[in-house]
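This briefing walks through one protein model, from the chain as a whole down to single residues. Please keep the sequence and the coordinates open while reading the points below.

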Amino acid sequence: MNIYYLNHLNEKIDLDSENIILQYQELFDYSWDAATSNNAIVSFYRDSATIPVTVAITADTDGEYSTILDDFHSTVSKDIIQLIPGKLYIGNQYLICYISGDIKKDAFMGVPIQVKNLTIVTDHPFWIREHPHSFKASEVTSTNNKRYPGRYAHRYANGLNNTTIVNVHYAESNFIMRIYGPCVKPSVYIGGYEYHSEITLEAGEYLEIDSMEETVTKIMLSGIRVNSFHYRSFKNSIFRPIPPGEQDISWDGSFDFDLILMEERSEPRWS
């Protein structure tokens, strides 16, 4: 599986390539902390994690070598300075994190090789795999339609404006929902639970609900992002995670929306 780091500006560092060679990593290791009461374990939690990764950097020419080192440093530093994390990918799974440390083991002026002991830090130590689903107003011709993970999943139709998705994860999943205008006070029902906003969206605008970050944002046609937290429903939490298994989806069919389920694991999938 390809391993690479993508900063918040989508600038990429391939951590297992011809010039940057992965030597050591603990990306598949994890541990949970135990909370106790009266000497009994009552829950487990994970607040943060620090992960070591070691790479060797080499190049055929001094110029290429210097460029790789400079680009590496600037790519990770932009996240630190802006306090916006990047993503460390293993295949199609990612960890939201920073590269906060770079200790050189072997670094000699004039010799085009350097070993970097990198420090990966994260305050959300879970590997995320996205399962996207799209729902179109133009497709509202059936009920009880089954959609399996993936944007181009099979769909079996037999009714009006209901459909079914399958959350394949063994636990409830955070999500990102994007509701596209034009629409007024949109509602989406998932497993009979209503996700509702009092907002009005014009054509070209969309509302983004992020259950992990607990944010509600309107993205205007100009691209400006507007905090719309106060438009959320006060009756039901708009951030309630999606339960595992098959879930009925229903809405009035007057708008398009996307639903991205976030499968989160302590270790990356092996397959």
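Predicted model: local features only at pLDDT ≥ 70, side-chain atom pairs only at ≥ 80, totals over all residues.

K185 is found in the loop between strand β15 and strand β16, the latter covering residues 187-190.

- Although K185 is not a glycine, its phi is positive, at about 50 degrees. Most residues other than glycine have a negative phi, and most peptide bonds are trans.
- With a relative accessibility of 45%, K185 counts as partly exposed, because that class takes in values between the 20% limit for buried residues and the 50% limit for exposed ones.
- The peptide bond that joins G181 and P182 is cis, and its omega is about 5 degrees.
- P182 lies in the loop that links β14, residues 174-180, with β15, residues 183-184.

**The hairpin of β4 and β5**

- Strand β4, which covers residues 33-37, runs antiparallel to β5, and five bridges join the two strands. Within this pairing, A35 stands opposite S43 of β5.
- The two strands form a hairpin with two residues between them, and N38, which is in the turn, has a positive phi of about 55 degrees.
- N39 is found in the loop between β4 and β5, and this residue, which is not a glycine, has a positive phi of about 65 degrees.
- The relative accessible area of N39 is 84%, and N39 is therefore classed as exposed, since the class begins over 50%.
- Strand β5, residues 40-45, is hardly covered, for the count of buried residues among its six residues is zero.

**I41 within strand β5**

- I41 has its place in strand β5, and with a relative accessible area of 53% this isoleucine is exposed.
- When residues up to four places away in sequence are not counted, I41 touches A34, A35 and T36.
- The C-alpha atoms of I41 and F255 are separated by 47 Å, and the two residues are 214 residues apart along the chain.

**Cysteines**

- C97 is buried, with a relative accessible area of 1%, and C183 is likewise buried, with a value of 7%.
- The count of disulfides in the model comes to zero.

**The chain as a whole**

- The protein chain contains one helix and 23 strands, and its C-alpha trace spans about 70 × 55 × 35 Å along the principal axes.
- Of the 271 residues in the protein chain, 44% are buried.
- Among the contacts in the protein chain with a separation of 6 or more, 61% are accounted for by residues 24 or more positions apart.
- The protein chain exposes about 14300 Å², and carbon and sulfur atoms supply 51% of that area.
- There are 22 positive and 36 negative side chains in the protein chain, and the centres of these two sets lie 6 Å apart.

Definitions and conventions:
Residues numbered from 1 in each chain as written. Heavy atoms only, no water. Buried < 20%, exposed > 50% of the residue type's maximum accessible area, 1.4 Å probe, protein only. Helix = DSSP H or I, 4+ residues; strand = E, 2+ residues; numbered from the N terminus. Pairing = 2+ DSSP bridges. Contact = heavy atoms within 4.5 Å. Areas by Shrake-Rupley, 256 points an atom, 1.4 Å probe, with all protein chains shown as cover. Lys, Arg positive; Asp, Glu negative; His and termini not counted. Charge placed at Lys NZ, Arg CZ, Asp CG, Glu CD. Disulfide = S-S within 2.5 Å.
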